[in-house]
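This report goes through selected parts of one structure, shown just below. Definitions are given where a term is first used.

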Amino acid sequence: MFKEDQLKKVQQEKKKWVDDLSKILSETPERLPRFTTVSDLEIKGLYTPEDIKDLDYSREVSFPGVYPFTRGVQPSMYRGRLWTMRMFSGLGGPEETNQRFHYLLDHGETGLSIAFHYPTLMGYDSDSPNARGEIGKCGVAVDTLKDMEILFEGIPLDKVTTSMTINPPASILLAMYIVMAEKQGVSKKEIGGTIQNDMLKEFIAQKTFMLPPKPSLRIIVDTIEYCTKEVPRWNTISISGYHIREAGSTAVQELAFTLADGIAYVEAAMERGLDVDDFAPRLSFFFDSHIDFFEEIAKYRAARRIWAKVMRERFMAKKPRSWMLRFHTQTAGCSLTAQQPFNNVIRTAYEALAAVLGGTNSLHTNSLDETYAIPTEEAVTIALRTQQILAEETGVTNTIDPLAGSYFVEALTNQMEEKAWDYIHKIDEMGGMVKAIERGYPQMEIAEAAYKYQKQIDANEKVIVGVKKYVTDHPPITIWRMRPEIEERQLKRLQEVKQTRDNAKVKKCLGEIRKASQNGENLMPHIINAVREYTTIQEICDVWREVFGKYTDPGYF
Amino acid sequence: MAMEESMERKIRILIAKPGLDGHDRGAKIIARGFRDAGFEVVYTGLHQTPEQIVAAAIQEDVDGIGLSILSGAHDYIFPQVIQLLREKGADDIVVFGGGIIPEEDILALKGTGVKALFVPGTTIEEAVKWVRENIKPRK
């Protein structure tokens with residue numbers, strides 16, 4: 001980046017600066033013994049051209065839309081099109097959530113994102129004993145296609161894209177979406193959206209798991225194979241670091257484990273015989289935006305660069321689209337506090353800014369009351385407005401990747417990349433991510449980091465405003481509560497569906513799913529047939545639990 | 001004195017994750033914190049029904065059960081665990097918990113017999129101290 005004589009001069013001047021500084025510090029020392037990121041990465045007091053002297057701009061940074069995409073995946077970035085404002089929503093039953101979807105779209109949201117309640121996430125129906133106490137609480141209750149039809153009433157599926165945070169039953173929810181669109185007259189070739197469908201990070205962090213890793217991967221590859229041919233605008237996986245981070249990982253672990261998961265999916269799909277350039281362009285990513293501003297920005301920039309190298313050099317992908325890491329971001333739920341909840345608006349705004357300066361393609365901003373419950377309408381509006389102010393008032397969208405060239409940001413980007421490679425190579429040596437998970441490796445690394453961070457908070461080494469420092473009483477805020485009649489309505493509807501559908505057809509469809517599960521045929525067409533007959537999510541998942549066995553938590557701590 | 005203490009049975013705690021909730025960061029941190037404080041800790045792992053938790057508590061002969069819930073299912077799960085303990089004649093096992101529990105629910109849950117609820121902001125040390133003061137090894 002710099003000429004030899006320039007660097008020499010910088011070195012000499014820096015030496016003088018360090019000497020002067022140490023005189024000052026001998027009288028007034030620095031405030032802290034160590035300055036670290038939230039992930040405990042030590043940060044120097046000053047970065048200079050020396051820190052990036054080996055950085056090759058053309059090879060490592062380059063231009064937006066150009067390999068290795070450090071500066072962003074689109075040539076025009078936000079000057080061409082803003083990120084998608086996609087608020088993760090789901091509350092009570094499909095009626096309440098449909099109303100929330102319309103509310104958000106009317107207020108300027110540009111994409112939908114569904115939060116399902118726990119029973120749906122885990123492959124149980126609302127009438128299962130496992131659903132007791134959980135219906136409609138952490139998201140929307142969906143048992144059958146009927147619920148999806150209500151959920152999307154009045155929403156044109158050819159105009160809006162939808163992201164679904166769903167994992168073990170991802171293929172079933174995708175099938176429901178396809179059939180629902182078909183009923184609206186929108187073909188599966190036209191619909192756009194994402195299923196999370198990332199089981200590896202479930203074993204590592206989010207823990208909504210159902211089947212063991214191998215059959216889980218097989219169903220994922222079925223969806224990739226099917227969508228590549230039949231649903232070309234669908235993002236088949238959202239390879240997620242968010243939950244890894246929320247479980248307590250460091251930024252580097254989030255980055256490395258996510259990309260290592262991505263590598264495992266690419267390998268699995270290639271083993272099926274798919275051409276990497278056919279499916280790789282539809283892989284998408286999802287990261288956290290935690291409170292440490294620069295560390296996050298460096299993480300996103302490093303993520304794009306590493307993935308581009310992985311796809312081109314390791315998997316020999318030829319299409320530039322296969323090299324691109326496109327990602328959604330959610331601000332960090334775990335950074336928010338129950339104490340003085342209005343402070344969460346500020347935290348979320350900084351985190352959203354980091355995501356945007358890091359070139360996110362889509363963003364969810366948390367609401368101030370989300371440490372307590374699903375957000376109220378008022379709270380979610382402030383969260384959405386936070387994005388709109390960022391996009392349309394602050395001017396940060398005027399120029400692309402404005403922090404490129406910062407000695408600090410470039411050096412930190414390099415550092416994140418290096419440390420992530422160390423992890424990726426270690427996982428390679430273990431035989432890949434599935435093997436690493438079976439050994440409990442990423443799980444223990446995260447548990448270790450989470451415990452260390454908690455100790456640092458307890459010891460006041462890390463400050464969270466309003467929790468142990470600047471403590472004041474705050475009046476309670478109004479929070480959203482699940483109304484009991486929603487549960488009754490959901491159970492009644494499920495019962496009605498089961499009585500009025502053609503149960504002989506349902507039985508036949510379930511038999512087909514069982515057969516395909518056993519003989520290895522692609523499951524997607526059979527799942528689509530089944531959901532069209534209003535087969536429930538649990539009915540399908542029960543077949544899988546029988547055929548493949550259930551995964552239970554090894555309980556590492 | 002030191003001699004006497006070392007002869008005494010250690011406090012045994014079951015840390016449990018009931019329901020479908022997958023948020024186990026807090027449960028694992030507290031399990032580890034308790035272990036580091038010298039308690040004997042059994043962790044159930046995720047996705048346990050109240051029936052499984054009570055069975056594990058009895059089988060492991062624990063002195064206390066710490067339930068971690070962040071999914072909003074606390075108003076069903078805590079009373080259910082307490083009732084099952086009573087039915088099994090094991091209601092001398094102290095039940096406490098932590099997680100996302102709105103203030104107005106805390107009083108109601110304490111009324112059903114939950115001895116303490118630790119909400120966000122609690123340090124490991126505070127929880128350890130409470131256990132030492134409120135849970136004694138059963139004979």
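## A helix crossing in chain A

The crossing of H11(A) and H17(A) is right-handed. A crossing is right-handed if the near helix is turned clockwise from the far one by less than a right angle, and left-handed if anticlockwise. The model is predicted: local features need pLDDT of at least 70 and side-chain atom pairs count only at pLDDT 80 or more, while totals for chains, interfaces and linings use all residues. Residues are numbered from 1 along each chain as its sequence is written, with chains lettered from A and ligands numbered from 1 in the order in which they are written. Helices (H or I, at least four residues) and strands (E, at least two) are DSSP runs, numbered from the N terminus.

Helix H11 covers residues 251-271 of chain A and helix H17 covers residues 407-430 of chain A; their axes come within 9 Å and cross at roughly 50 degrees. Axes are lines fitted to C-alpha atoms, for helices over the stretch in contact, and angles run from 0 to 180 degrees between N-to-C directions. H11(A) and H17(A) are therefore oblique to each other; angles under 35 degrees count as roughly parallel, over 145 as roughly antiparallel, 65 to 115 as roughly perpendicular and the rest as oblique. On the H11(A) side the meeting residues include A:Leu255 and A:Leu259, and on the H17(A) side they include A:Tyr423 and A:Ile427. The residues of this contact divide into 11 nonpolar, 1 polar and 1 charged. Here Ala, Val, Leu, Ile, Met, Phe, Trp, Tyr, Cys and Pro count as nonpolar, Asp, Glu, Lys and Arg as charged, and the others, Gly among them, as polar.

## Where chain A touches chain B

In chain A, 33 residues are in contact with 30 residues of chain B, contact being C-beta atoms, placed from the backbone, that lie within 7 Å. The elements giving two or more residues to the chain A side are helix H5 (118-121) and helix H19 (441-458) of chain A. H19(A) supplies the largest share, 5 residues. By type, the chain A side divides into 16 nonpolar, 11 polar and 6 charged residues.

## Helices H7 and H23

Of the 14 residues of H7(A), 12 are buried, so this helix is largely enclosed by the rest of the structure. A residue is buried if 20 or more other C-beta atoms lie within 10 Å of its own, exposed if 12 or fewer, and partly exposed in between, with C-beta atoms placed from the backbone. Among the elements that the buried residues of H7(A) pack against are strand E3 (162-165), helix H9 (213-230) and helix H23 (537-548) of chain A. H7(A) is followed by A:Gly185, whose phi is positive, near 85 degrees.

Buried residues of H23(A) include A:Ile537, A:Cys541 and A:Trp544. What covers the buried residues of H23(A) includes H5, H7, helix H21 (503-519) and H22 of chain A. A:Gly549 follows H23(A) and has a positive phi, near 85 degrees.

## Two single residues

A:Lys319 is placed in the loop between helix H13 (293-314) and helix H14 (320-323) of chain A. Its 15 C-beta neighbours inside 10 Å make A:Lys319 count as partly exposed. Leaving out residues up to four places away in sequence, A:Lys319 touches A:Asp277 and A:Pro281.

A:Gln495 lies in helix H20 (residues 484-500) of chain A. With 12 C-beta neighbours inside 10 Å, A:Gln495 counts as exposed.

Terms used: Contact = placed C-beta atoms within 7 Å.
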